[in-house]
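Visitor: Please put the structure up, and then let us go through it by question and answer.

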Amino acid sequence: MSADLALSIRNLALSFKSWSGTSQVLHGIDLEIKRGERVALVGESGSGKSVTARIILGTLHELKSARISGEVWVAGREMSSLSQSERQALRGTDISMIFQDPTTALNPVYTIRQQFHEVLMRGDPKISLSTAEQRSADILREVSITDTERVLESYPFQLSGGMNQRVMIGMALINEPQLLLADEPGTALDVTVQAQTLRLMRDLVRQHGTSVLFISHNLGVVREFADRIYVIYKGRIVETGPAASIFDDPRHAYTKALLAAIPRLTGGGIPEIQEDSEAFFDPMVTHEDVSA
Amino acid sequence: MTAQPILSAHNLTRDFRVGKRTIRAVDDISFDVQKGECLAIVGESGSGKSTVANMILGIHPPTSGTLSFHGEELPVKRTLLHREKIQLVQQNPLSSLNPRRSIAASLRLALDVHKHGTRGERPQMVQKLLEEVGLDPSFANRSPSALSGGQRQRVAIARALACQSEVVVLDEPTSALDVLVQARILRLLDDLRTMHGLTFIFITHDLSVVRNIADRVAVFQYGKLVELADTEALFENPTEEYTRSLISAVPVVSTEEVELRGRLSKTEAADGGVESPGA
């Protein structure tokens, strides 16, 4: 894998084995994220977007019923060639993840300070309490939290959803990961809070030069965030290209349907959605990257 | 105005005791809902929109103020008839449908409680309800866990329609669904409204949905009704700063929408309010 790639997925296939047979979830997908690039993976529930994130994190490798083939290169290492403990060492340091609902992702019985300390210890096991304190406060200020003392002392339930989400973003970025996975961050929040957190996250990853894989079911959410977009349908990538190009000129039938399904702020009535069509299985469309 | 409103709220107020403090969740709200219209209630969490819904449904009695239905004041203790006429569809159908009951049994219960049809007719009425919401009759004997999110929401809608309901309170009916499923459910709801002459009270925080389904919009902030206007007018020229910020927070896909948002957020930028999304 070339050095300027933060993530490279080659022909990744996944199936789950159960007593009733195997079900194929991913049918050989390819995906790349350059250093500092923000990429979105967009698809419906069941399309395979969240399992892709879990393979990148390496958590699915531990599941006995999962059959994974293909290559996943993160930070210069191939996930399936690593041992369980090596994969675990990558999580929270080189790869981190932000989940949909911040209040369930944070541990309810520890204060934010203790949780920050735990995360920091993954990067540096000998970190002193005072340094940890200092670095947590710094990152909290970066996510626009000014009363850091109060927040660090709080338990997650004492903070609002938007505040917890910002804490999560701070925790995810504190060890300067090479790759950040964001699985529908903020969908559990209000629109205004969601808009704020997305903006904040976009600015932060830009400053830190973090590569991001953003997973969502709504193309509208990724519009302002992503440089490049992959559209996934039933375990196959159907269209990929620079964000602007996908929005200006969607070519695959499924991408068109996804775009058409979003109600418009300017009106025009409830979108007409045809049932799943054969055209959704058309071969992948790749938009030329003009800047490359 | 013209006809008598089907539902009206007069100076509704609701307080909640939290420890020693009293929190005013809904503060002196009055509005009318006409028969057959879709009134959207929008606002952030904590704005009191769900509390209003609960008062309409009779789950919480108002601390002060009254609600009237067809011009008659709704009692604190609702009669079976009131409960039949005013129905609810919740956000998460997995928690609103009994997991141990089959789809048919859930729908049948509504018919049994409100004594619709004879015992012999009811199984057939259940089949008809399923067809009406676009579900295959073979789903009747499945449990809710064997359905997808969209299908479950269809069952919840069928149950709200099982009786001769007139007002349906929809509490974020599509926010847990994917965009494609959301579009189909919205289409279904709108068709059913025209077909049965239903009145909708549509609670949501997604203004792009509101734009396309509601006739009028009520904007709530901190328990107060800050703006109530026709949908068209509200989106073209919102008078309240808060409404503008709600509209400009909506994720959009097309250039026209970006322009609309830009136009609305211009005044904000001048006030040094919410940062404009394009910045």
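Visitor: Which residues of α7(B) are buried?
Guide: This is a predicted model, in which local features need pLDDT of at least 70, side-chain atom pairs count only at pLDDT 80 or more, and totals for chains, interfaces and linings use all residues. Residues are numbered from 1 along each chain as its sequence is written, while chains are lettered from A and ligands numbered from 1 in the order in which they are written. A residue is buried if 20 or more other C-beta atoms, placed from the backbone, lie within 10 Å of its own, exposed if 12 or fewer, and partly exposed in between; helices (H or I, at least four residues) and strands (E, at least two) are DSSP runs numbered from the N terminus. In α7(B) the buried residues are V179(B), L180(B), V181(B), Q182(B), A183(B), R184(B), I185(B), L186(B) and L189(B).

Visitor: What covers the buried residues of α7(B)?
Guide: Both chains take part in the cover. It includes α6 (149–161) and α8 of chain B, together with, from chain A, α11 (253–260).

Visitor: What is the distance between the end C-alpha atoms of helix α7 of chain B?
Guide: The expected span of a helix is 1.5 Å times one less than its number of residues. For the 18 residues of α7 (residues 179–196) of chain B that gives 26 Å, and the end C-alpha atoms agree with it, being apart by 26 Å.

Visitor: Which unit do β7(B), α7(B) and β8(B) make?
Guide: A crossover is right-handed if, with the strands pointing away from the viewer, the path from the first strand over the helix to the second runs clockwise. β7(B), α7(B) and β8(B) form a β-α-β unit, and its hand is right-handed.

Visitor: How many bridges pair β7(B) with strand β8 of chain B?
Guide: Two strands pair if DSSP finds at least two bridges between them. β7(B) is joined to strand β6 (residues 86–89) of chain B by four bridges in a parallel arrangement, and V168(B) is the bridge partner of Q87(B) there. With strand β8 (residues 199–204) of chain B the sense is parallel and the number of bridges is five.

Visitor: How many residues of strand β7 of chain B are buried?
Guide: On one side of β7(B) are V167(B), V169(B) and D171(B), on the other V168(B) and L170(B), and all are buried. Strand β7 (residues 167–171) of chain B is therefore largely enclosed by the rest of the structure, the buried count being five of the five.

Visitor: Where does S144(A) lie?
Guide: S144(A) is not a glycine, yet has a positive phi of about 60°. S144(A) is partly exposed, with 13 other C-beta atoms within 10 Å. Its place is the loop between α5 (129–142) and α6 (148–153) of chain A.

Visitor: In which strand does D28(B) lie?
Guide: D28(B) is not a glycine either, and has a positive phi of about 55°. D28(B) is partly exposed, with 14 other C-beta atoms within 10 Å. The strand that holds D28(B) is β2 (residues 21–33) of chain B.

Visitor: Which element gives the largest share of the side of chain A that touches chain B?
Guide: Two residues are in contact if their C-beta atoms, placed from the backbone, lie within 7 Å. The contact takes 30 residues from chain A and 31 residues from chain B. On the chain A side, α8 (191–208), α9 (219–222) and α11 each supply at least two residues. The largest share, four residues, belongs to α8(A).
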